[in-house]
Amino acid sequence: MIFYHHTAKESLPAILDKGLMLGSINLSRDRIENGVWLTTSPEPKGHGLTYGEPVTEVHRQSLWNRCRGRFPADFTHWPDKSTARIKIMIPSSDRCLVRWLAWGKKRCDPHLFASLNEAEHMGGAHKTWWLYLGVIDPSRFLSVEVDRLVGNLHG
């Protein structure tokens with residue numbers, strides 16, 4: 001299957017070196033699991049990504065609680081995760097690959113699950129979401145697009 005991972009271009013050096021391995025899957029207000037978010041949609045819009053906007057005071061407080069003492073500075077901005085797109089091939093038989101709707105329904109707080117899936121700005125994008133519960137090696141990357149410049153990694 002073909003998947004896409006949308007990310008900030010500043011994250012690419014580490015991703016190209018080590019692969020995709022980090023991502024927050026919010027299961028409840030207090031529980032977060034690691035996994036890589038994927039989509040079958042090549043477009044970043046509608047997936048709840050950050051676009052370089054400033055971190056609000058409410059988010060700063062929340063991040064401080066999660067980071068246990070590393071309080072973000074006033075001028076902190078979210079990364080713009082629409083600036084890079086990685087196209088990936090993963091066999092549907094890979095046991096680390098799970099569909100968000102089925103996996104999240106079993107593990108996520110019901111109210112949080114509903115709010116993620118029903119948010120107005122998502123426009124049904126949640127139906128394209130998958131999770132990879134492991135490391136996606138760069139050898140699986142078919143291409144990397146940065147600011148609309150496409151680079152084919154295999155040929």
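1. Let's start with one tryptophan in this predicted model. Trp 37 has a relative accessibility of 24%, so Trp 37 counts as partly exposed. Its location is strand β4, which covers residues 36-39.

2. Which residue pairs with Trp 37 edge-to-face? The model contains 5 aromatic pairs. In one of them, the ring centres of Trp 37 and Trp 129 are 5.6 Å apart and the planes stand at 80 degrees, so this pair is edge-to-face. Trp 129 belongs to strand β7 (residues 129-132), so the pair ties together parts of the chain that lie 92 residues apart in sequence. As for Trp 129 itself, the relative accessibility is 5%, so Trp 129 counts as buried.

3. Ring pairs join Trp 37 and Trp 129 with Trp 100 and Phe 113 in a cluster. Two of these names come back below: Trp 100 is in α3 and Phe 113 is in α4, and both take part in the contact of these helices.

4. Now to the helix pair. Helix α3 spans residues 100-107 and helix α4 spans residues 110-118; their axes come within 8 Å and cross at roughly 150 degrees. The two helices are therefore roughly antiparallel to each other. As for handedness, the crossing of α3 and α4 is right-handed.

5. Which residues make the contact between α3 and α4? On the α3 side they are Trp 100, Leu 101, Gly 104 and Lys 105, while α4 contributes Phe 113, Leu 116 and Asn 117. By type, the residues of this contact are 4 nonpolar, 2 polar and 1 charged.

6. Asp 94 sits in the loop that runs between β5 (84-89) and β6 (97-99). Is Asp 94 buried or exposed? With a relative accessibility of 14%, Asp 94 counts as buried. Setting aside neighbours within four places in sequence, the contacts of Asp 94 are Tyr 132 and Arg 140.

7. Finally, here is the wider setting for these details. The chain holds 4 helices and 9 strands. Read from the N terminus, the elements follow the order β-α-β-β-β-α-β-β-α-α-β-β-β. The chain has 155 residues, and 37% of them count as buried. Taking contacts between residues at least 6 apart in sequence, 73% join residues at least 24 apart. The Trp 37 and Trp 129 pair, with its 92 residues of separation, is one link to view alongside that figure.

Key. Residues numbered from 1 in each chain as written. Predicted model: local features only at pLDDT ≥ 70, side-chain atom pairs only at ≥ 80, totals over all residues. Heavy atoms only, no water. Axes fitted to C-alpha atoms, helices over the stretch in contact; angles between N-to-C directions. Parallel < 35°, antiparallel > 145°, perpendicular 65-115°, else oblique. Left-handed = near helix turned anticlockwise from the far one by under 90°. Contact = heavy atoms within 4.5 Å. Nonpolar A, V, L, I, M, F, W, Y, C, P; charged D, E, K, R; others polar. Buried < 20%, exposed > 50% of the residue type's maximum accessible area, 1.4 Å probe, protein only. Phe/Tyr/Trp six-rings, centres within 6.5 Å; stacked < 30°, edge-to-face > 60°.
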